[in-house]
Amino acid sequence: MSTDTDRVSVRFKRPLLYVMSFLYTAAGVMHFVTPRAFARIVPPRLPRPTVLVYLSGIAEIGLGIGLLFRRTRRRCAWGVIALLLAVFPANVHMATSDMVPESVPDWATNSARVGLWARLPFQGVLVLWAWWYTRTMPENGT
């Protein structure tokens, strides 16, 4: 017997998969479009920031695309979780170093600072979202 939660899951899980795939793929592409913006947030104790930016960009693109295919979806969802955990130190570094992106106008600096700190717990939401796709898709068992 189906519950209301199952129906919501069936209704939104696939469209949200496409959203997730697009977001990670687009974020990965941005690593190649603006690598310096990403390199500046790599914690200073890590070597070769630009190489790490390119590697994480490749990972995001590959994982984002891999989420679309039933055969690779679970592994890619676990990969997204691993990637989110791997980049978490960069998010902490941004917040604790007050690294407001250069593109933020002066009038929005305070809001951007709040956003840096709000991003930290939001990583947990992103991990849970990815974890959802480590489970079988309810509508057709994929």
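**Close-up views of a predicted model**

View 1. The expected span here is 1.5 Å times one less than the number of residues, and helices are DSSP runs (H or I, at least four residues) numbered from the N terminus. Look for the kink of about 40 degrees at Leu 120, shortly before the proline Pro 121; the bend at a residue is the angle between axes fitted to the seven residues ending there and the seven starting there. Leu 120 is also one of the buried residues of α5, which include Thr 109, Leu 116 and Trp 129. Buried means under 20% relative accessible area, exposed over 50%, and partly exposed in between (1.4 Å probe, protein chains only).

*About the model:* this is a predicted model, in which local features need pLDDT of at least 70 and side-chain atom pairs count only at pLDDT 80 or more, while totals for chains, interfaces and linings use all residues. Residues are numbered from 1 along each chain as its sequence is written, and side-chain values use heavy atoms, with hydrogens and water left out.

**View 2. Helix α4 and what follows.** The 27 residues of helix α4 (residues 70-96) should span 39 Å at 1.5 Å a residue, and this agrees with the 39 Å between its end C-alpha atoms. At Val 87 the helix bends by about 35 degrees, with the proline Pro 89 following within four residues.

**View 3. Two aromatic pairs.** The structure holds two aromatic pairs; rings of Phe, Tyr and Trp (its six-membered ring) pair if their centres lie within 6.5 Å, and planes under 30 degrees apart count as stacked, over 60 as edge-to-face and the rest as tilted. Phe 32 and Tyr 54 are stacked, because their ring centres are 5.2 Å apart and their planes lie at 15 degrees. Phe 32 belongs to helix α1 (residues 4-33) and Tyr 54 to helix α3 (residues 49-66), so this pair ties together parts that are 22 residues apart in sequence. Trp 132 and Tyr 133 make a tilted pair, 5.4 Å centre to centre with 50 degrees between the planes. Trp 132 is partly exposed at 24% relative accessibility, whereas Tyr 133 is buried at 0%.

**View 4. Arg 48 in its loop.** Arg 48 sits in the loop between α2 (35-39) and α3. Although Arg 48 is not a glycine, it has a positive phi of about 45 degrees. At 63% relative accessibility, Arg 48 counts as exposed.

Technical notes
Helices (H or I, at least four residues) and strands (E, at least two) are DSSP runs, numbered from the N terminus.
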